[in-house]
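Here's a quick walk through one structure, with a stop at the ligand, a stop at a pair of helices and a look at some backbone details. Have the viewer open as you read.

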Amino acid sequence: MAADATLMEKLTALCKRRGFIFPGSEIYGGLGGFWDYGPLGVELKRNVKELWWRDMVLNPPTGPDGKEISMQGIDAALIMNPKVWEASGHVGGFRDPMVSCKAEGCKALFRADQVAVMKCLIGSTIVAHIGLEAASKDSPEAVSLIRALNDDPQCTKQERRRGKELRRAIRDAALEHPAVRQVLPTQGQLAEDEIEETFERSLRTEPSGSLLSVEDASTVSCPRCGKFTLTEPREFNLMFETHVGALQAASSKAYLRPETAQGIFVNFSNVLDTMRVKIPFGIGQVGKALRNEINPRNFTFRSREFEQMEIEFFCHPDTAMEWYDFWRKVRYDWYVNLGLKSENLRLRDQEGDELAHYSKCCADIEYLFPFSDEFQELEGVAHRGNYDLTKHHEHSGKDLTYFDDELWQQDAHKYKGDKDAAKKAKREMPYRYLPTVIEPSAGADRATLAFLCEAYTEDEAPNDKGQMDKRVVMKFHPKIAPIKAAFFPLVNKEGMPELAQQLYRDAKQHMHVFLDVKGAIGRRYRRQDEAGTPFCITVDGDTLKDGTVTIRDRDTLEQVRVAKDQVVSWLKERLA
Ligand code: GAP
């Protein structure tokens, strides 16, 4: 799937029209980065979260050692003691370098590391940089821009036109810039129009890096307005602040959690002590996280309020790589099994300089969304060493080490008669240690968005007159579909509505179903296709004679007849 703005627009429109996702507080003009899930969206996202909980916490796959995995769940508070965020490094380090444009009428804000820059050179002197809102200098947008600016013979017509416009804009802006003024006169005392011509002729453009690699941000053109009016990068903490209690003083300052993970780390001992679990074991949590993202964008992809589904899996350092490989695969397979086709989904191992300093390895599960040519992160699976537990152990002063009592019981005889040696041994490896953590950290909203993108399909289906009509159908995997089945009486008479209602009431006790009694049958099908309902069940004339109903499959359009008292078990079989 290549970037397809039209598809994204159609999907966003469908989400609004059919009640999947609305802009947050829309009647007051909305609020950037906040979204409300409507009646269909809430069911869709709830299914994603519940399947995650069921498949990861309640019934995880067998471990790499062939044994059952021990998993526990928690639901920690959204606001925690601010010391948690000091220990985790979020107070000191959860910052993005930001630049803003000073130009009147622009005032755009960017994350400095997300502005790719191209060097504009005259000879070997850099006279300016072109800023582009793109993930990297190697992104397709950046490559196309370089081609256009250099008037490359391979340029498409569109790129050539863009290149011409851009060169003119750069020239206008750059000729005002001191760096350009310094270079051009050295080529001789030229008249103004000759300077312009020399500039045009001599300008070359090369890929460079990100804005962060440029010493002077004022030599970079604003990716929005093209003017050389960017501020220097400034640090910006992404945590939302609040105050606890009546006093708005520094002492009452607290943060809305930017991730659910820390709630798990601070409860490590509580779970260990109360659930009689042994290493290896994991703790899962699903919950809201809030980040004051600088550029919330791409629908719900980068929101300011979102939900995470995180596991912290605690294991012995010697087996950590085995668990890392295990979770990497389990998490990737989970998306595939719920319908994300493998060509749009990939598992990418992070390169050395992408890794956090404490992380031994990390893999990103990425999806090719229609809003970009590049794969984007859905989930990270990280080997975090014992970094987090060490930090909380140090900052809280509470002992968060794990004592392997089973191993000690086996070995205790070795220390018989030497109390001091036994005491010393019990304080050290292999009996006592801070466990290593493998963290599969997923976003429920990003997963939901990926499922929405993957499901969106345009095809043809017969209308009431048997002619083929274009239809929009959301081909969700039945397990995540918001409505599992819709019940229709074929006509509004002869006892059909009453029977359809009876069947609907029976099914409603087991799953989310819908009853639609109005309109032409074709139109009722279309409505359910757009909602992604996998099965439509019609009560017709034959139902009254032989007690069977028609069940129509959303994707194949095939229809089968099923005894009316078998409908619920038929559906359950297909949703299992
Ligand atoms: N505890 C590790 C952690 O929070 P992260 O990569 O910052 O790691 C994990 O976040 C996941 O949370 C991401 O892979 C993504 O799915 C989701 N996520 C992060 N920021 C988000 C945002 N602004 N909007 C929506 N989802 C987001």
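What follows covers the ligand site, then a helix pair, then the backbone.

Keep in mind that this is a predicted model.

Let's start with the ligand. There are 19 residues around it, and the closest are Glu259, Ser303, Glu310, Glu377 and Leu378. Sorted by class, that shell holds 5 nonpolar, 5 polar and 9 charged residues.

How much of the ligand's accessible area does the protein cover? Taken on its own, the ligand has 550 Å² of accessible area, and the protein covers 88% of that.

Which elements give two or more residues to the shell? They are strand E13 (305-315), strand E16 (376-383) and strand E19 (436-443). E19 supplies the largest share, with 4 residues.

Now for the helices. Two packed helices are described by the angle between their axes and the distance between the axes. Helix H1 (residues 5-17) packs against helix H15 (residues 444-455) at an angle of about 110°, and the two axes are 11 Å apart. Angles of 65 to 115 degrees count as roughly perpendicular, so H1 is roughly perpendicular to H15. On the H1 side the contact has Met8, Leu11 and Cys15, and these meet Leu449, Leu452 and Cys453 of H15. By class, the residues of this contact are 6 nonpolar, with no polar and no charged ones.

Finally, the backbone. Most residues other than glycine have a negative phi, and most peptide bonds are trans. Here are some spots that go the other way.

The bond joining Ile279 and Pro280 is cis, with omega about 5°. Pro280 sits in the loop between helix H10 (268-275) and strand E12 (281-290). Another cis peptide bond runs from Met429 to Pro430, with omega near 0°. You'll find Pro430 in the loop between helix H14 (419-426) and strand E18 (432-433).

Is the phi of Ser25 positive or negative? Ser25, a residue other than glycine, has a positive phi near 40°. Its place is the loop between strand E1 (21-23) and strand E2 (35-37).

Conventions:
Residues numbered from 1 in each chain as written. Predicted model: local features only at pLDDT ≥ 70, side-chain atom pairs only at ≥ 80, totals over all residues. Heavy atoms only, no water. Near = heavy atom within 4 Å. Areas by Shrake-Rupley, 256 points an atom, 1.4 Å probe, with all protein chains shown as cover. Nonpolar A, V, L, I, M, F, W, Y, C, P; charged D, E, K, R; others polar. Axes fitted to C-alpha atoms, helices over the stretch in contact; angles between N-to-C directions. Parallel < 35°, antiparallel > 145°, perpendicular 65-115°, else oblique. Contact = heavy atoms within 4.5 Å.
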